[in-house]
Structure formats: C-alpha cells, structure tokens
Amino acid sequence: MMGWLGAVALAANQIVMSIISFAFMISNGIAGASTILVSQSLGRKNYFDIKHYARASFHMSVAFMTVAGILFALFGRYIAMIFTPDDMEVIDLAGKLFLFCAFFEVIDGLQITALGALRGLVDVNKPMVYALIAYIFITLLVSYVLGFVFNLGAVGIVLGLSIGLLIACVLFLRRFRYKIRLLEQV
C-alpha cells in the first residue's frame, strides 16, 4: 500500500522499516530464548519458572524496545539523513513515521515475546489464528481505511500496523495467561 502513495512514501517507509526491523531482531531473539526456557520448565512441570522466565523475557523486551522507541522518536530524522542526506521530503516523512513507530515498538516487542512464550507452552494453533486475524485482516483493513479513506497516507498505514500489533499483543498475552491458569489447575 505504501507504494500506492508514491516514491517519497515508499522511500521513507523503506528507511523506517529497515531500522525498526533491526531493533525487532533483539526482541525476536528474546522470544526465542523465552521459547526454550519456558519449554524446558514445562517439561519439568515447574510452573513457577515458566512464569518467571516469561515475565523476565517480557520485561527485557519492553525495556529494550522502550529505549529503541525513544531513540527513534528523538533521532528519526537524523537516521533518515544517513540514507538520503539531500531529499528533505523523504527525511520529513521518515521522521514522522519514526515518531509513530516509536509508539508501537514496545507493543511489537511484547507481542513477539509473548508468542515465543506460547511456543514454549506448545501452543501454536490458536496463536496462529490470532496472528492471521491481527496481522492480515485487521492490519490490512485498518491501514487501508486510515491511509486512503481518511487520507492519512503513510501515517495512516503505519497507524494501521500499530493497531494490528496491539491486537496481536493483547490476544497473545491473554492466551498466555489462560494457558498458565490451566497448567496451575492440574
């Protein structure tokens, strides 16, 4: 959809997504570690450690992504200048997109880490459905409506992504709590 808005929006989006994807890899690594530690604790039937490792991974991810979000909010324009020092249109739009992405960084890190913890609990079918709903149906629909119906352009598309990630985050965290309650009842 970003390409429908033209070269400036596409260039700004490419800069922003490249950099936030780099930050996302840290949370993705934390999610992988969470999967391993939670699954080992599940095998030992140590439900205290499951909660402990999951919480620790959630906190680490939130802490890192908060710092990344602050850096993106403060220095987004300067980051964009590294990629294109002369194109002020791209720099201005990338700066705005970095600002909006700064707010969803924490949500993005938390949702992937919660998904990792669910994998550790060997819970993959429901989360896959949640991901499909949040990432595909909600994100695409809301991004289109905000970007094109409400004429928010690139900012609307990024806001749609933010809303989709928020819904995924809420669904994954609720599912994790539900699975923990089921384990504790056994």
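Which element gives the most to the lining of the largest pocket? In this predicted model, helix α5 does, with five residues. Helices here are DSSP runs of H or I, at least four residues long, numbered from the N terminus. A pocket is an open set of points on a 1 Å grid over the protein atoms alone, with protein on both sides within 12 Å along at least five of seven lines, and its lining residues have an atom within 4 Å of a point.

The largest pocket holds about 180 Å³ of space. Its lining consists of Lys51, Arg55, Phe58, Leu173, Phe176, Arg177, Ile180 and Arg181. Two elements, α2 (47-83) and α5 (153-185), each give two or more residues to this lining. Four of the lining residues are nonpolar and four are charged, with no polar residue.

Met128, Val129, Leu132, Ile133, Ile136, Phe137 and Leu140 make a nonpolar surface patch of about 650 Å². Such patches join nonpolar side chains within 5 Å, from residues with over 30% relative accessible area and no salt bridge. A salt bridge places a side-chain nitrogen of Lys or Arg within 4 Å of a carboxyl oxygen of Asp or Glu.

Met128 lies in helix α4 (residues 125-149). Ala94 belongs to helix α3 (residues 88-120). Ala94 is buried (under 20%), at 0%.

Residues are numbered from 1 along each chain as its sequence is written, and side-chain values use heavy atoms, without hydrogens and water. Local features need pLDDT of at least 70, side-chain atom pairs count only at pLDDT 80 or more, and totals for chains, interfaces and linings use all residues.

Note on methods
1 Å grid on protein atoms, 1.4 Å probe; cavity = no way out; pocket = protein on both sides within 12 Å on 5 of 7 lines; lining within 4 Å. Points joined across faces, edges and corners; volume = space filled by probe spheres on them. Nonpolar A, V, L, I, M, F, W, Y, C, P; charged D, E, K, R; others polar. Patch = residues over 30% accessible without salt bridge, like charges linked within 9 Å, V, L, I, M, F, W, Y side chains within 5 Å. Areas by Shrake-Rupley, 256 points an atom, 1.4 Å probe, with all protein chains shown as cover. Buried < 20%, exposed > 50% of the residue type's maximum accessible area, 1.4 Å probe, protein only.
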